[in-house]
Each structure stands twice: as structure tokens, then as C-alpha cells.
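Welcome to this tour! Open your viewer, keep the selection tool at hand, and follow along one stop at a time.

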Amino acid sequence: MKEALLYEGKAKKVYQAKDRTGKLVLAYKNDATAFNGEKKSSFSGKGRLNNEISSRIFSLLHDKGVETHFIERLTETEQLVHQTEIIPLEVVVRNVAAGSITKRLGIEEKTTFARPLVELFYKNDELNDPLINDEHAFILSDVTRTELQEIKEKVLKINEELRKIFRDIHITLVDFKVEFGRLASGCIVLADEISPDTCRLWDITTQEKLDKDVFRQGTGDLIEVYEEILRRLEDKQ
Ligand code: C5P
């Protein structure tokens with residue numbers, strides 16, 4: 001199913017799909033990293049869980065009219081996607097304050113924002129993915145003003161749909177990060193993954209953290225909480 005390895009990231013490997021021009025195989029790894037690679041570990045089963053969780057979420061978003069790179073889940077740890085040129089922006093949406101914004105702006109954790117807050121980070125490991133503004137985004141990526149506007153509209157729609165998906169499984173979507181890619185046609189679509197690696201997910205009642213923060217903060221068992229997310233998604237479908 002797969003041919004040449006094109007790229008290896010911290011959580012996934014990207015292969016050219018065999019005999020399928022314009023398509024890629026994403027292979028999810030068991031590795032977990034935090035603080036831009038300073039903290040590293042490997043968890044047996046993590047690749048399978050994130051592949052399954054992300055595949056389910058991308059399918060649900062597709063059903064709601066969100067255009068994505070996702071085609072199908074191929075194996076426990078692999079999925080087939082349309083090839084895109086990744087736009088080097090990490091687009092974060094925050095509904096509730098947590099993580100970097102609490103330190104950067106002194107906002108107390110758990111503060112709910114009146115409106116979802118969109119932030120742009122420049123996807124660059126060497127620079128530690130710095131926060132940037134729209135003007136920087138035009139210089140650093142080849143998006144036009146109209147396309148950046150389109151990306152912001154898309155990410156707010158994705159936020160609305162994700163909030164519903166997670167509310168249905170009794171989870172508050174605190175924040176998340178997504179990436180967009182450009183198809184050969186020029187269209188910009190949702191790419192990369194949506195999983196407990198890339199979202200903050202809190203149980204609505206107990207506020208228990210069911211995401212990668214348990215690894216970042218060393219407060220819980222990563223596999224147990226990722227399994228809990230998958231179990232709740234499975235129960236709903
Ligand atoms: O660290 P920060 O609070 O800015 O993260 C915001 C959201 O983006 C979190 O859900 C985090 O998991 C996600 N994120 C990510 N990849 C990064 C940085 C943040 O998925 N490189």
C-alpha cells in the first residue's frame with residue numbers, strides 16, 4: 001500500500017501511496033513528545049488509538065460538510081489521505097483558557113472566552129512554533145488575505161462541529177490545533193490529525209483531563225485516557 005517514506009514527524013510518518021498518485025499514507029507512531037521534543041516517550045497502542053480517533057473525527061466532520069484530506073483508515077495505524085502541500089501555520093482555537101495562553105497573557109486556567117479565540121503559530125520546530133499575527137502569516141506562508149480569512153472561517157466552523165461532537169460524549173473542547181493543506185487543485189482543506197494529542201479535552205462533570213496534558217504534566221496514564229476518548233466515541237456511533 002505504501003512506497004517511499006517522504007517525511008517523518010514527531011507523531012507520524014508520511015509515505016507515498018503505492019500506485020495511487022496524489023495520495024499519501026499516514027502511519028501513526030507510538031511516540032509522544034512534549035515541550036517541542038524536550039520530553040519524549042513511547043506508548044504501546046498510542047498510534048492505533050490516535051489513528052482510530054482521528055479517522056472517526058475526520059469522518060464526522062466530512063459528514064458536516066468540512067472538506068478534509070482524509071480518505072479512509074487502512075490498517076490499525078495507517079490511513080489514506082489526499083496529498084496536500086501543508087501550509088506552515090498551526091491554527092489554534094481556544095474556548096477555555098489553558099496551556100500557553102495562561103502563561104503568555106496571565107489568564108487564569110478555566111476562564112471561558114466569550115467568543116472562540118483563534119491564534120496562529122508559525123510551524124517551525126527550530127523556532128519553537130512562535131505565535132504570529134496575520135501580517136507575519138502572509139510573509140511566512142504563501143496564503144493570500146482572502147485565503148487566511150477562509151482558513152479562519154473554516155476553523156471556527158470546525159470548532160463548532162467539534163464542540164458538538166465532544167459535548168455529545170460529555171467532554172468540553174477546551175482548545176485544539178489544526179493544520180491546513182493545499183490540494184493540487186489549489187483548494188485549502190483540513191489536514192494532519194485531530195486527536196487527544198492535538199486537543200485539550202476535559203470531562204464536563206469531573207473536569208478530568210483526557211488528553212496529552214496527562215503526559216505533559218505527568219498526571220495520568222496516556223493510554224487509559226486515549227482509550228476512554230475512543231470508547232466514548234464508539235458508544236455514540
Ligand atoms: O500549548 P498551547 O496551549 O498553545 O496548545 C494549544 C492547543 O494546541 C492544545 O490543544 C495543544 O495540544 C495543541 N498543540 C498541538 N501541537 C503543537 C502545539 C499545540 O497540537 N505543536
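Predicted model: local features only at pLDDT ≥ 70, side-chain atom pairs only at ≥ 80, totals over all residues.

Two strands count as a pair when DSSP finds at least two bridges between them.

**Stop 1**

Select residues 2–8, strand β1, and then residues 12–17, strand β2. These two strands pair in the antiparallel sense over four bridges. Together β1 and β2 make a hairpin, with three residues between them. To see one of the bridges, click on Lys-2: its partner in β2 is Ala-17.

**Stop 2: the five-stranded sheet**

Now bring in the neighbours of the hairpin. An open sheet of five strands runs in the order β1-β2-β3-β7-β6, with antiparallel pairing. Which strands stand at the edges? They are β1 and β6 (70–73); each has a single partner strand, so one side of each is left without a neighbour in the sheet.

Next, select residues 23–28 for β3 and residues 78–82 for β7. This antiparallel pair is joined over five bridges. Within it, Leu-24 sits opposite Val-81 of β7.

**Stop 3: the helix on the sheet**

Helix α1 packs on this sheet, where it touches β3, β6 and β7, and its direction makes about 135 degrees with that of β6. Select residues 46–63 to see the whole helix, 18 residues in all. From first C-alpha to last, α1 reaches 26 Å, close to the 26 Å expected at 1.5 Å a residue. Is α1 mostly enclosed or mostly open? Of its 18 residues, 13 are buried, so α1 is largely enclosed by the rest of the structure. Just after α1, click on Gly-65, which takes a positive phi of about 90 degrees.

**Stop 4: two residues with a positive phi**

Most residues other than glycine have a negative phi. Here are two to compare with that rule. Start with Phe-35, in the loop between β4 (31–34) and β5 (39–42). The phi of Phe-35 is near 50 degrees, a positive value in a residue other than glycine. Then go to Asp-192, in the loop between β13 and β14, where phi is also positive, at about 55 degrees.

Which of these residues is buried, and which is exposed? Asp-192 has 24 C-beta neighbours inside 10 Å, so Asp-192 counts as buried.

**Stop 5: helix α4 and its cover**

Select residues 145–167 for helix α4, which has 23 residues. Its reach from first C-alpha to last is 33 Å, close to the 33 Å expected. Colour its buried residues: Ile-151, Val-155, Ile-158, Leu-162 and Phe-166. In an α-helix there are 3.6 residues a turn, so residues three or four places apart point the same way. What covers the buried residues of α4? The cover includes α1, β9 (89–96), β10 (112–122), β12, β13 (188–191) and β14.

**Stop 6: strands β12 and β14**

Select residues 171–182 for β12 and residues 199–203 for β14. The two pair in the antiparallel sense over five bridges, and Leu-173 has Leu-201 of β14 as its bridge partner. Strand β14 is mostly covered, with four of its five residues buried.

Now click on Val-174, in β12. Val-174 is buried, with 24 other C-beta atoms within 10 Å. Leaving aside neighbours within four places in sequence, its contacts are Asn-95, Val-96, Ala-98, Arg-200, Leu-201 and Trp-202.

**Last stop: the whole view**

Zoom out to take in six helices and 14 strands. The C-alpha trace spans about 50 × 40 × 35 Å along its principal axes. With 237 residues, a compact globule would have a radius of gyration near 18 Å, and the protein's 17 Å agrees. Of those residues, 34% count as buried.

How values were computed. Residues numbered from 1 in each chain as written. Expected span 1.5 Å × (residues − 1). Buried ≥ 20, exposed ≤ 12 C-beta atoms within 10 Å, placed from the backbone. Contact = placed C-beta atoms within 7 Å. Axes fitted to C-alpha atoms, helices over the stretch in contact; angles between N-to-C directions. Rg over C-alpha atoms; globule rule 2.2 N^0.38 Å.
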